[in-house]
Amino acid sequence: MNVIRGFATTLKHLFMEPVTYQYPEEERPFRDRYKGRHVLKRYDNGLEKCIGCALCAAACPADAIWVEAAENTDEERYSPGERYAKTYEINMLRCIFCGYCADACPTEAIVLEHEHRLSFTNRRDAIYTKTELLEPPPEGMPGTPRQVEPGTFDRAIPEMEDPK
Amino acid sequence: MTETVTLHIDGVSYEVPAGMNLVDAARVYAGVEIPVFCYHPKLEPVGMCRMCLVDIGFEMRDRESGELLLNEDGTPQIRWGRKLETACTTTVRAGMHVRTMTEPVQEARKDVLEFLLSSHPLDCPICDKGGECPLQSLTMRHGPATSRMVLEDKMHLAKHVPLGDLIYLDRERCIQCARCIRFQDEIVGDDVLAFHERGRRLQIVTISDPPFDTYFSGNTTDICPVGALTTADFRFGARPWELQDVPSICPHCPVGCNIVASTRLDRDAGGVKVIKRILPRQNEAVNEIWICDKGRFGHHHSLSPDRLAAPLIRKNGELVEASWDEAIQAAAEGLQAAGKNVGVIAGPMLSNEDLWGLRELAEGLGSKRLGLWPASLGDAKPLDEVGVASGTNFAALGKGDAVLVIATDLEEEAPIWYLRVKQAADRGAALIVANTRTTKLDHYAAQTLRFAVGGAADVLNGLTAAAIGQKWIAEDLIESRVSGFGDLQKALKNVSGGDEDAAEVLARAENLVIVAGNDGLDAEGHTALLQAAANFLIVTGHVGRAHNGLLPVWPGANTQGALDLGYESADTRRMLSRTPRALLVAGADIAADPAGAKALQKADFVVCMTLFPDATAEAADVVLPIQSTTERDGTFTNAERRVQRFYTAHGPLGESLSAWEAAALLGQHFGLPAPRYNPALVMKAIAAAVKPYADISFPALTAAEVQMPPIGEAKGFYGGTARPPIGGTGIQLPARSEGRGKLHVKPVDAPGAFEVGEDELLVVPVRRLYDRTPEFASSKLMHDRIPQPFVALNEADAARLGVASGDTVEVSADGAAVTVTAVVDDYAPQGVAFLPLRLSADPFPMIPVTGTVTRVAEALPVGD
Ligand code: SF4
Ligand code: SF4
Ligand code: SF4
Ligand code: SF4
Ligand code: FES
């Protein structure tokens, strides 16, 4: 009897829709909250959001982030305000994809997006530098560094909302 | 013992010294942190920020009987103040009760913070102070969680205002506590900062030209309770929590300020550790919590790309790079050839261990010639006896005490002493300044004495004669311990003209420190000055106890150590006139003096140990790269004979080695033992051989004296970013006068003023704090602050020579010539031209010489 019940189960599953994805031909849609590789974001005007504050590095439980800051000038501007990240590196072998860095960031510059295909053949390559992490400027916008009118971008922290 | 009173804080009673500031008393005795912004334990309280509001009450007494009024339960009745009061402007009194945690107090703190933040930009993420900012900490501890502020109403002010080349001001961040202004006014006395406008527009401005013109500007960034003032050097260099603080000692002057080097790895430097900033380390006996801008910003020599990274040897007349083995081999062969006819000349930036290593090498070679650079210093023997006694602290001098500053421009030669002497004068100590010209310290002097260049010892002889004549002398001491008094008395019999007012003030002072430099003196004059000063101190009884004695203003950080370890300037002079066949020059750019340059030529073989490939290295046959202070462990002995330890902050530059190690490697070729494993062992050897250093060892030097007030220490004192005394506060070697042995006075054969003919000029070299030696000029940031080479001429002389201010002139003497700009005013006495040393690379004699000044080009018209 039990044998028949067993075969019946098998038979039933034979006609059910399969849940297996044929990765990599087929990809499953990502949830918004999925934490993949980091991206350094830009504002709509193409300036970098990151101000090199290293709070992400301070928050990181895996000590995976290395930030060095430098000063913007109007001739060579990377981000609004006075400070930008001259060096920004994440060691993906150390990263545990917890997302604390994104939580800590005051300008929402570092975001864990959906890229998850990370492979390296040596330890050095596992360190993603700023060039690799920084997203390209939006369509039609110049990149960074760029020359700007003096006095246009003198605030680093985006305007905050009034307390309700 | 000071009188104490009972103070009650939050219901607990404490015994505290009467008259103490309430904030300090609460912090130190009760461990209660009363939050402050404008109050700083080193500054006069002003009560500007209202952060320190507390509830203060007094025990009530019956008016007639004076009895305490008691409650039913036996506790005293207390009359609380109707309103909260500022703790920082309150001194403790008997029967005082303080409540620091009541609801109104906490409300008041919240309100003050809400107000402060209403105009604050809150850009902590990009602020250099973020992470060690009192405003951040106090907001976290006492502030409101939310603000009722409408953000659009925020005041926007300039965020990037350079105050001079070194300091940036962010006007939005300033909370208008005036600590920076008060520091410059009260502590330094430079009128450089001020408030401008009123209310929310109130701003800090600099009112000097050039802007923020002071040697102490960096200290304002330490005590600023927010990130309004930051240094151009550190700007965005790191976040404070990423830095590692390594205790160190400033290598630039004889004060020996305690500092920390904050280090961090750096990509641009190739992923190695570099110094990101220098901060003061609290040592109340040496530098309190201050350092000068030379110490703060002059650290870039340690990893300068201009430094010598590998040994060089001369091949076919050219210096070429070589390995250490080759270089040591070549050096050993050269020294071997010279036999025992070898001499060592060492500079004052070498550590005690370096100096000992070189001495062992010299002795191993059979040479006794240990020369100290510069060659112009006098005989320092009197200092062993009458050097300031252990425990001496300028901070203890006040009413009834006296300080004589002679033959030195303290602000230029030992800035922190300038600041501390000035404060002693502010507290009421009688300050007498004696020099050939006006110096900034004159402003605070009770009396100034002038003497002709070279005549410093005569001034002191005169003072001693006056003191003996008027019997302002310590007769008991003279009777029991002083030898040679009779001779001295006889020799001074015919000396007159001593300033009696000054002599009286100095001789009858409770405590007296004589600060003596060698400004405008040659070795003979300096020797005479030191002995004359010793005579005065001994006969007036100002020796052998704390806060008394002679303090020499040496030209370098470790001149004292070199003297203690057997090096002498007189030996250098002998070597310059009768040059040995081989010279070993370490840490001394002797080519900067024509006599030194000549000796380098005369010697058959020269080994040079140096940080930079300077002119001396160029003249050498073998050049060995040595290490600066921050690359290794070691000790310096400051001019107060305080042995202080510095620690390895970062890795060595290139292949450089410590000078003691290089010396030992060389020594191996002459049968000396292999290099010791570490500098601690070298110090052990010093302790075993040099009597005053018997108790010194690296572990002993890590001990730190308790610092009061605990500014660097305490979280919650909000004194700023000065660091606690990690790594030890050093050990002061006692002077011989502290024992019971004889004290020696002896007649001084003062050489008198230099003679100059009618039409001649005496060219007098003077030291400037900012010069173009590579040890300092490798800090690029400071370039604009280093004066262009100049010579100061008297109006009469200038008229005679046909020179106007701004003209380019050639100053020549003794076959050396420098081209500089003339500055004509009444600063220089007639017949004298003051020429600052090391502002240009050209060699020039380091002692006063007669010379000529000729015009080579007219001044450019103004506006060109
Ligand atoms: S995701 Fe987590 S582990 Fe990875 S870099 Fe960010 S904070 Fe560090
Ligand atoms: S990513 Fe964000 S937290 Fe990290 S340095 Fe940049 S601004 Fe700061
Ligand atoms: S700049 Fe700093 S120290 Fe000066 S008043 Fe403003 S907050 Fe105070
Ligand atoms: S006073 Fe002298 S020891 Fe102190 S920081 Fe300045 S140069 Fe260095
Ligand atoms: S008012 Fe007392 S600390 Fe400012």
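User: Two strands pair if DSSP finds at least two bridges between them. With that rule, how many bridges join strand 15 and strand 27 of chain B?

Analyst: Two, and the strands pair in the antiparallel sense. Strand 15 covers residues 312-315 and strand 27 covers residues 622-625. Helices (H or I, at least four residues) and strands (E, at least two) are DSSP runs, numbered from the N terminus. One caveat: this is a predicted model, where local features need pLDDT of at least 70, side-chain atom pairs count only at pLDDT 80 or more, and totals for chains, interfaces and linings use all residues. Residues are numbered from 1 along each chain as its sequence is written, while chains are lettered from A and ligands numbered from 1 in the order in which they are written.

User: Which residue stands opposite B:Leu312?

Analyst: B:Val623, in strand 27 of chain B.

User: And what order do the strands take in the open sheet of seven?

Analyst: The order is 16-15-27-26-25-17-18 in chain B, with mixed pairing. Neighbouring strands are turned by 20° against each other on average, direction ignored.

User: Which strands does helix 7 of chain B touch?

Analyst: Helix 7 (residues 324-338) packs on that sheet. It touches strand 15, strand 17 (342-346), strand 25 (582-586), strand 26 (605-610) and strand 27 of chain B. Contact here means C-beta atoms, placed from the backbone, within 7 Å. The helix direction makes about 135° with that of strand 26. For such angles, axes are lines fitted to C-alpha atoms, for helices over the stretch in contact, and the values run from 0 to 180 degrees between N-to-C directions.

User: How many bridges hold strand 12 to strand 13?

Analyst: Six, with strand 13 spanning residues 258-266. Within that pair, B:Asp245 has B:Ser262 as its bridge partner.

User: Ligands next. Which residues come nearest to ligand 1?

Analyst: A:Cys60, A:Cys95, A:Cys98, A:Tyr100 and A:Cys101, out of 14 around it. A residue is near if its C-beta atom, placed from the backbone, lies within 6 Å. The shell has 13 nonpolar residues, one polar and no charged. Ala, Val, Leu, Ile, Met, Phe, Trp, Tyr, Cys and Pro count as nonpolar, Asp, Glu, Lys and Arg as charged, and the others, Gly among them, as polar.

User: And what comes nearest to ligand 2?

Analyst: A:Cys50, A:Cys53, A:Cys56, A:Cys105 and A:Ile110, from a set of 14. The classes are 12 nonpolar, two polar and no charged.

User: Which residues are closest to ligand 4?

Analyst: B:Cys250, B:Cys253, B:Cys257, B:Cys292 and B:Gly295, among 14 surrounding residues. Helix 6 (293-297) and helix 11 (415-426) of chain B each give two or more residues to the shell. By class, the shell holds nine nonpolar, four polar and one charged.

User: How many residues does each chain put into the contact?

Analyst: Chain A gives 22 and chain B gives 16. On the side of chain A that touches chain B, helix 2 (55-59), strand 2 (65-71) and strand 3 (83-91) each supply at least two residues. Strand 2 of chain A gives the most, with four. That side has 12 nonpolar, three polar and seven charged residues.

User: Last one. How many helices and strands does chain B have?

Analyst: It has 25 helices and 37 strands. Its C-alpha atoms fill a box of roughly 95 × 70 × 65 Å along the principal axes.

How values were computed: Two residues are in contact if their C-beta atoms, placed from the backbone, lie within 7 Å.
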